[in-house]
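Please look through the structure below with its aromatic side chains in mind. The paragraphs that follow take up charges over rings and then the ring pairs.

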Amino acid sequence: MKALMAVTGLIMIGFLLMHMYGNLKVFFGAESFDHYAEWLKGDILYPLVPKGWFIWIFRTFLLAAIVLHIWSAATLTVRARRARGTKYVNSKPIQQTYSARTMRWGGVILAGFLVFHILQFTSRTIRTGFAADAGAYDMFVASFQQWWLVLAYALWMVTVCMHIRHGFWSAFATLGANTSATSRKWWNIIAYAVAILLYVGFMIAPLAVLFGAVK
């Protein structure tokens, strides 16, 4: 169960890195960004699979990873509480990092904002300043010209990166990579580096829009 949570977590981190890279294309202008968005929806794996199929295959795969990650985390939590029993309810927890102690609540917050993100940019049910027929670039710019949305995004990314920092390290520990004090040190450094990279990479484009560098 821990291995399942580790593998699905790493899949989602891989997706975030890819998504971050895609967002940076906004700096190359509307044509480049919109072309990238359309390419994702229609041309990947074509003609191996028909146009438009890849995005749904990918979404199904990613949704399965998310569901399995949440399910395995919930199952492990229930098992831990049953194993602990009532005898130790008032005992102090073993000292942990702040991100480790808030992993469960962080996961709930992430799931909630993910739903908002999908309703905003995928289904366009929630339109934050853009028209119903707006292209990907116009949606991005119109949304992040609003300071409150950039602030909400920044706070959400703090939660994301705290979750990732601990989850990345834990995943490799679960999969047997932390074999010594030196390896634990380096996996911890890499975990911080990945979290910082994702935060900077995801925030630089919205901030550029907010301050007028991208229009």
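**Aromatic contacts**

In this predicted model, Arg59 lies over the face of Trp56, at 4.7 Å from the ring centre, where a charge counts as over a ring if NZ of Lys or CZ of Arg is within 6 Å of the ring centre and within 35 degrees of the ring normal. Arg165 likewise lies over the face of Tyr192, at 4.9 Å from the ring centre.

The model is predicted, with local features needing pLDDT of at least 70 and side-chain atom pairs counting only at pLDDT 80 or more, while totals for chains, interfaces and linings use all residues. Residues are numbered from 1 along each chain as its sequence is written, and side-chain values use heavy atoms, with hydrogens and water left out.

The structure holds 15 aromatic pairs, a pair being rings of Phe, Tyr or Trp (its six-membered ring) with centres within 6.5 Å, called stacked if the planes are under 30 degrees apart, edge-to-face if over 60 and tilted for the rest. The rings of Phe121 and Phe130 have planes at 20 degrees and centres 6.3 Å apart, so this pair is stacked. Phe130 is buried, with a relative accessible area of 7% (buried means under 20%, exposed over 50%, partly exposed in between, with a 1.4 Å probe and protein chains only). Ring pairs join Phe121 and Phe130 into a cluster whose members also include Phe33, Tyr137 and Trp156.

The rings of Phe168 and Trp187, with centres 6.2 Å apart, have planes at 50 degrees, so that pair is tilted. This pair links distant parts of the chain, 19 residues apart, with Phe168 in helix H7 (residues 147-174) and Trp187 in helix H8 (residues 181-210); helices are DSSP runs (H or I, at least four residues), numbered from the N terminus. Phe168 is buried at a relative accessible area of 9%, whereas Trp187 counts as partly exposed at 21% relative accessibility.

How values were computed
Helices (H or I, at least four residues) and strands (E, at least two) are DSSP runs, numbered from the N terminus.
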